[in-house]
Structure formats: structure tokens, C-alpha cells
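My notes follow in the order I looked things up.

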Amino acid sequence: MEEPATRQFEMSLSDGASDDDLPLTLPTEGSQSGSIRKGCDPFAQTQRSKLQHRRARINQQINKEMRMRAGAENLFRATSNNKVKETVALELSFVNSNLQLLKEELEELNSNMEVYQTDSEAVNVPMIPLGLKETKEVDFTVSIQDFICEHYGEDSSLYDKEIKELMELRQAMRTPSRNQAGLELLMEYYNQMYYLDQRFFPLHRNLGVHFHWYDSLTGVPSCQRTLAFEKGSVLFNIGALYTQIGARQDRSATAGIDKAIDAFQRAAGAFNYLKENFSNAPSLDMSNPSLCMLVRLMVAQVQECVFERVTLTTQDTHFTSQLRLAQEAARVSDVYLLVQQTMTQPLMKDYVPFSWASMVQVKSEHFRALSHYYAAVALCDHTLSAEDEEGDEEAEKAFLQFYINVPAGPPLSQILRDPEKRRKLGKAHLRRAVIRHEEAMRVHSLCKILRKMDILQDVLSLTHKRSLDKYSELDREDDFDETAEAPEIQSQTHQKPDITPPNFSTVQVTDIFQRLGPLSVFCARARWGPIRVICLQRGEGGLGLTLRGDSPVLVAGVVPGGCAAEAGLREGDYIVAVDGQDCKWAKHGEVVHMLKSCSDRGVELSVVTLHSHDIQVERRAIMLSHSSDKENTRQRLLSGAKGQSSASLLNWNRKKKRDGSGVTKRLGSTFSLSFGSIRDNEAMY
């Protein structure tokens with residue numbers, strides 16, 4: 001396989017449009033098969049589409065430079081002429097410089113978080129969304145037509161409509177709208193790929209279709225012929241689209257916060273599903289360290305939304321309420337600190353955009369400052385009430401569990417009852433808050449991209465001023481005591497983030513190529529002989545055959561010396577047509593009725609004999625949804641097969657799991673039964 005860098009690039013379309021963009025065509029009720037969903041208008045000149053056009057242009061230039069570098073490196077290794085080597089080395093340095101500039105430009109685009117934020121005027125800290133992976137167009141026509149002719153023995157021109165429908169679905173998938181309709185479009189294509197895999201991707205060879213995808217952050221192209229790469233990339237885009245939907249929510253109200261929490265949890269679930277079920281990714285954005293970082297980033301953003309909701313719903317200034325806010329803010333700071341540590345790992349350090357790392361560090365410092373501010377508010381505004389002894393006991397209990405380590409000095413219960421001691425401890429917390437606010441502002445000032453985000457600057461400035469004002473209120477001219485060091489606050493949350501795995505069963509699809517027949521028999525893993533035409537004449541003892549099952553009906557036995565045996569019908573044959581009428585999907589009773597309705601001239605049966613199955617599909621239901629099943633279903637069924645994919649980057653495969661999971665959804669009449677197994681619905685004719 002030639003290197004991805006040498007592949008010709010084709011300009012990708014925009015991956016979306018405005019916040020309120022909708023698919024050009026919505027699904028209608030009663031549609032029998034396939035998809036009529038469409039993507040967004042790729043030429044809509046919205047901010048988001050312009051951003052994606054710029055990303056596509058840079059991807060094109062990066063691909064061109066990488067091809068030039070590959071050629072120059074080959075020439076450098078091949079030549080023995082020193083002058084040529086010097087010239088090539090100079091050219092290589094020039095190409096590498098261009099590549100670095102292009103990657104920096106792409107990083108700046110990937111760091112453009114404002115395009116994906118809400119239009120609300122509320123002052124909230126911006127969220128970090130993820131751009132979609134770009135892909136080139138794929139032409140399935142020749143490959144599928146050849147496979148239908150060769151493997152299924154049918155006229156491929158009869159399936160031009162299905163091939164066109166598949167290609168239109170993939171084209172629409174490249175430009176999903178940033179809403180539920182766009183998610184359903186991606187999930188529909190993902191589910192359809194299950195059927196595509198079963199129909200046209202045998203184990204012993206590939207279909208010859210190349211899937212080109214570009215790294216979401218660097219634009220580096222990758223090319224694979226395995227459908228797992230296509231499925232993984234679509235799954236990545238599902239997660240990325242959830243991040244954009246979460247970032248666009250208006251978090252000034254609880255309804256918008258709840259939607260953002262749901263979106264970020266589903267994004268984390270998609271990335272986590274990808275991490276657990278696929279391995280050896282050819283691009284860094286889908287590597288294990290990158291996906292681990294993205295999952296943690298999404299969880300941190302969920303935790304931030306939880307804090308915002310607690311802030312909105314906490315109207316009172318009660319002591320325990322302020323302590324709860326402080327602990328929630330400390331929790332947000334902790335999870336962002338974990339994300340920051342993940343981003344500084346060796347493989348991720350040079351990969352993650354600098355603006356992302358800076359934003360995460362800013363948030364970690366910002367929320368740590370908020371935790372100390374709310375602690376100070378709780379201490380300084382708290383007053384004991386002789387009438388509310390129960391409330392004071394609750395406050396004391398909460399305060400005793402507030403710190404990670406008990407501070408030196410007077411007991412916490414004594415501090416709580418002494419206004420002066422509470423003031424001094426509150427002042428210490430405010431001092432820590434101001435220091436943390438200033439550190440957040442310093443990190444913010446070091447990043448050119450973050451400096452352009454006015455809303456972030458406003459949030460940091462407002463909270464810093466609020467802490468300074470509160471500190472000024474507590475500071476006294478006659479206070480000559482050195483301010484004590486505030487102890488670390490025990491982080492705690494009342495809502496732990498959930499990682500919600502993708503539920504693909506919510507989008508029902510119908511196999512586009514269902515006319516080929518039931519998957520239990522007519523799949524890429526099965527082997528059968530050519531279609532045989534059998535002419536039967538009813539004798540005195542009937543046709544002399546036993547039928548069993550549905551879709552397709554199986555010849556379970558033939559009477560020796562009977563009409564069927566003399567005509568050449570064999571036990572194990574599948575009836576695919578009666579008198580030229582296709583009956584691959586026919587029920588048992590329908591085929592029996594057709595046989596009984598034959599005229600005196602007899603009946604003409606078209607049958608095939610199943611020789612072997614590359615995988616054991618006996619007694620296994622064909623699964624549509626992977627909501628509870630794992631993506632490695634195929635790999636698990638093939639655990640005994642030879643020639644497993646290697647762990648190289650060019651052979652991306654699905655992870656094996658030690659335990660299997662249950663069947664989630666069964667299609668009607670999709671069992672492949674052995675000839676000597678259960679004899680339900682069997683009769684002699």
C-alpha cells in the first residue's frame with residue numbers, strides 16, 4: 001500500500017453551517033428502506049462553514065507538502081551525488097518549515113472556540129469544542145458491482161439504485177448539521193456500515209475501497225482499506241459533534257446547562273467507546289492517549305456545568321450553601337488539573353493545541369480561586385443564631401469535613417464561634433483566591449488566541465475584582481498580624497459525571513442491499529455454488545421434498561427416488577426463486593402456497609447450495625444495534641480464524657474482549673440453521 005502522504009487530495013466540503021442549521025431533507029414517516037437525510041448546504045457562508053473550508057484548504061496544502069517531503073527523502077536516500085544531496089537537504093528544510101507553518105495555522109483554526117460558543121450575552125467561561133474529521137469522497141460503484149457479480153452471481157446493474165443511495169448517505173454524512181438531526185445522520189451511516197461489512201467485506205480479501213480521513217487537530221492524512229477505520233472515524237465525529245452541541249448551549253439557565261451536561265457526557269461516551277473497542281489507530285486523534293485526554297476533558301466540562309447549575313440554584317447565602325459551592329469549585333479545579341497532566345504527557349505535549357492546554361490551566365486556577373472565595377464568604381458572612389441550634393450543629397459538622405487536613409492552631413469548632421478568628425481565616429482564603437486569580441490571568445495573557453476571547457477576559461477580570469473588593473472589606477489598618485496560610489479545601493460534588501455510551505439503536509435503519517437476500521445466507525462470509533434451476537413435476541407421491549424455515553426456505557430432505565431427487569434437488573439447498581419469482585425473503589407458508597399452485601406442467605425452482613461459512617453464524621442472530629454489544633463482535637466471532645490483523649498502524653483493527661455480551665436486537669428470520677437441528681415448521685410435500 002502506498003503511503004497516505006502520496007495520495008491525491010480532494011477538497012473536503014464544510015462540515016456544517018450555522019447554529020440553527022437543519023438538514024436539507026428530513027426523514028418522512030413510512031419510508032421503507034434507505035435514507036433520505038441530507039447534510040447541510042456545503043456552500044452556506046456561515047462562520048462555521050468558512051472555518052471548515054479553511055481547514056480543508058490547509059489539509060490540502062499539508063498533503064501536498066508531505067508528498068513533496070516523501071519524494072525528497074526518497075531521492076536523498078537513493079542518490080550518491082553530494083551536490084544533489086545538498087540541494088535535496090536544502091529543499092527538505094524548506095518543506096519542513098512550510099509544514100510547521102501550516103500546522104501552526106491549522107492549530108489556530110482548531111483553537112477557534114468562539115465560533116462554536118453560544119450567542120447568549122451571559123458571561124460564562126467558554127467551553128472547548130472539537131472540530132470534525134475531514135474525509136474525501138468514496139466511490140463504491142465499481143468495487144460493489146464487481147463483488148455482486150463475482151460473489152453473489154447477480155446482475156450488478158440491478159443494484160445501481162442501492163449503490164447510489166449508499167454514496168449519497170456517505171456524502172451527506174460529511175456535512176452533518178450541528179443538532180440532533182446531524183447526530184442521527186452520522187448514526188444512521190454508522191449502523192448502515194454494519195450491513196456493508198456483512199455484505200461486501202469478506203475475511204480473506206478486502207473490497208479495494210480506500211477510506212481517506214484527516215487528523216482532526218493536525219490535518220495529517222491517513223488512508224485505510226478496512227471498514228473499521230471508517231467506522232471509528234464516524235464514531236469520532238459523533239463525539240466531536242456532541243462537543244459542539246454542548247458548547248453552543250445557553251448556560252445562563254438550568255435548561256441549557258442540563259443540555260450541555262448531556263451533550264458532554266455523550267461525547268465522553270463516544271470517545272470512551274472508541275478507546276475501548278478499537279486499537280492501533282493510524283491517526284493520533286484516535287490513539288489511546290488522545291482519546292483518554294478527550295474523555296477527561298469532556299468529564300471536566302461536565303463538572304464545570306454542574307458547578308454552574310449549583311451556582312444558579314443556590315439563592316441563599318447560608319453557611320453550608322457557600323461551603324458546598326467552594327467544594328464544587330474545588331472539584332472542577334481538580335478534574336481540570338488531571339486534564340492538564342494528561343495533556344503534558346510526552347505523546348500529547350506536542351500534539352494538543354497550545355490554546356487548549358492554556359485554557360485548561362486557566363480553568364484549573366480560576367476554579368481553585370473561586371473555591372477559596374466562596375470559603376471566605378462562608379466564614380465572613382456567617383453568624384451564629386441562639387434560636388437555630390440545629391442549623392449551627394449542621395454548619396459545624398460541614399465545616400469539620402471541609403478541609404483536606406486539619407489546620408494547625410485553634411480547633412475548627414472554636415474558629416467557627418469566634419468572629420475574629422473567622423475573619424482572619426476568611427482573609428487567608430481571599431489571599432489565596434487573589435493569588436490564583438492573578439495566576440489565571442497571567443497564563444491567559446501568554447496565549448495569543450485566548451487574549452482574543454473577550455468573554456474569557458471579562459470573566460477573569462470580574463471574579464478577580466470581586467475577590468479584591470472582598471479582601472479590602474476585611475483588611476484593617478491596625479491588622480499587623482501576618483496573614484496565615486489557608487488550608488486546602490476538600491473537593492466534593494453532589495453529581496458525579498456519567499460517561500454515556502452511544503445508543504445506536506435509537507436510529508433504526510434498513511439494509512440498503514436487502515434485495516440480495518437474508519444475511520444468514522447471503523453474506524460476504526458465505527460460500528455457495530451457482531444458482532441451479534430445477535424443474536419439478538408433481539407425481540403420485542407429491543413433489544418428494546421436505547421444507548423447513550423462512551427467508552430463505554431450506555430443503556431439509558428429499559425422498560429417494562422421488563420427483564425432487566430425480567430432478568437433481570439435494571438436501572441443504574435453499575430455494576431463492578419459484579417460477580422466476582424471487583423468494584429469498586419469503587415465509588415458509590408463501591413458498592408452500594406457490595408450490596401447491598403449480599400447474600400440470602410443473603414448477604421451476606431456482607436453488608443454491610451453501611458450501612461453507614467463513615464464520616460460525618449458526619444459531620447466532622444478526623445484530624443491528626451495538627448499544628449493548630461491543631464493536632468487536634466480528635473480531636470475537638473470528639477468534640479462531642487465521643491471518644489476524646497485526647498491530648501495525650496500517651492494519652487498524654478492533655480490540656478483542658475477554659467476555660462477550662448478549663444479543664441486543666434480532667432481525668426477523670435471520671438464523672442459519674444446520675440441517676440436523678431444530679425442526680420447527682417442517683412438513684413433507
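**Helix against helix**

I started with the contact of α8 and α11: from α8, Leu294, Leu297, Gln301, Glu304, Phe307 and Thr311 meet Trp356, Val360, Lys363, Phe367, Leu370 and Tyr374 of α11. Sorted by class, I get 8 nonpolar, 2 polar and 2 charged residues in this contact. This is a predicted model, so I am reading computed geometry throughout. Helix α8 covers residues 288-313 and helix α11 covers 354-381; their axes come within 13 Å and cross at roughly 35°. The crossing of α8 and α11 is left-handed.

The crossing of α6 and α7 is left-handed. On the α6 side the contact residues include Gly232, Leu235, Phe236, Gly239 and Ala240, and on the α7 side they include Ala260, Ala263, Phe264, Ala267 and Ala270. The class count for α6 with α7 is 14 nonpolar, 4 polar and 1 charged. Arg266 of α7 is among the residues making the contact.

**A threonine in α9**

I then clicked on Thr342, which sits in helix α9 (residues 319-343). Buried or exposed? Thr342 has a relative accessible area of 7%, so I call it buried. Setting aside residues up to four places away in sequence, Thr342 touches Met293, Arg296 and Met348. I also checked a C-alpha distance: Thr342 and Leu297 are 45 residues apart along the chain, and their C-alpha atoms are separated by 9.4 Å.

Which way do β6 and β7 pair? Strand β6 (residues 545-548) pairs with β7 in the antiparallel sense, over 4 bridges. Leu547 has Val555 of β7 as its bridge partner. The hairpin has 4 residues between the strands, and there Gly549 takes a positive phi near 85°. The loop between β6 and β7 also holds Pro552, and the peptide bond joining Ser551 and Pro552 is cis, with omega about -5°. I noted for context that most peptide bonds are trans.

On to the other partner of β7: 2 bridges join β7 to strand β8 (residues 573-578), and the two run antiparallel. Leu554 stands opposite Tyr574 in β8. I counted burial along β7 (residues 553-558) too: 5 of its 6 residues are buried, so the strand is largely enclosed by the rest of the structure.

**A serine in β10**

Ser606 belongs to strand β10 (residues 603-613). Its relative accessibility is 13%, and anything under 20% counts as buried, so Ser606 is buried. Beyond its neighbours within four places in sequence, Ser606 is in contact with Ile531, Arg532, Val533, Tyr574, Ile575, Val576 and Ala577.

**Two positive phi values**

Last, I looked for non-glycine residues with a positive phi. Asn280 has one of about 55° and lies in the loop between β3 (278-279) and α8. At 23% relative accessible area, Asn280 is partly exposed. Asp579 has a positive phi of about 55° and is placed in the loop between β8 and β9 (581-582). Its relative accessible area is 37%, so Asp579 is partly exposed. Most residues other than glycine have a negative phi.

Conventions: Residues are numbered from 1 along each chain as its sequence is written. This is a predicted model: local features need pLDDT of at least 70, side-chain atom pairs count only at pLDDT 80 or more; totals for chains, interfaces and linings use all residues. Side-chain values use heavy atoms; hydrogens and water are left out. Buried means under 20% relative accessible area, exposed over 50%, partly exposed in between (1.4 Å probe, protein chains only). Contact means heavy atoms within 4.5 Å. A crossing is left-handed if the near helix is turned anticlockwise from the far one by less than a right angle, and right-handed if clockwise. Ala, Val, Leu, Ile, Met, Phe, Trp, Tyr, Cys and Pro count as nonpolar, Asp, Glu, Lys and Arg as charged, and the others, Gly among them, as polar. Two strands pair if DSSP finds at least two bridges between them. Axes are lines fitted to C-alpha atoms, for helices over the stretch in contact, and angles run from 0 to 180 degrees between N-to-C directions.
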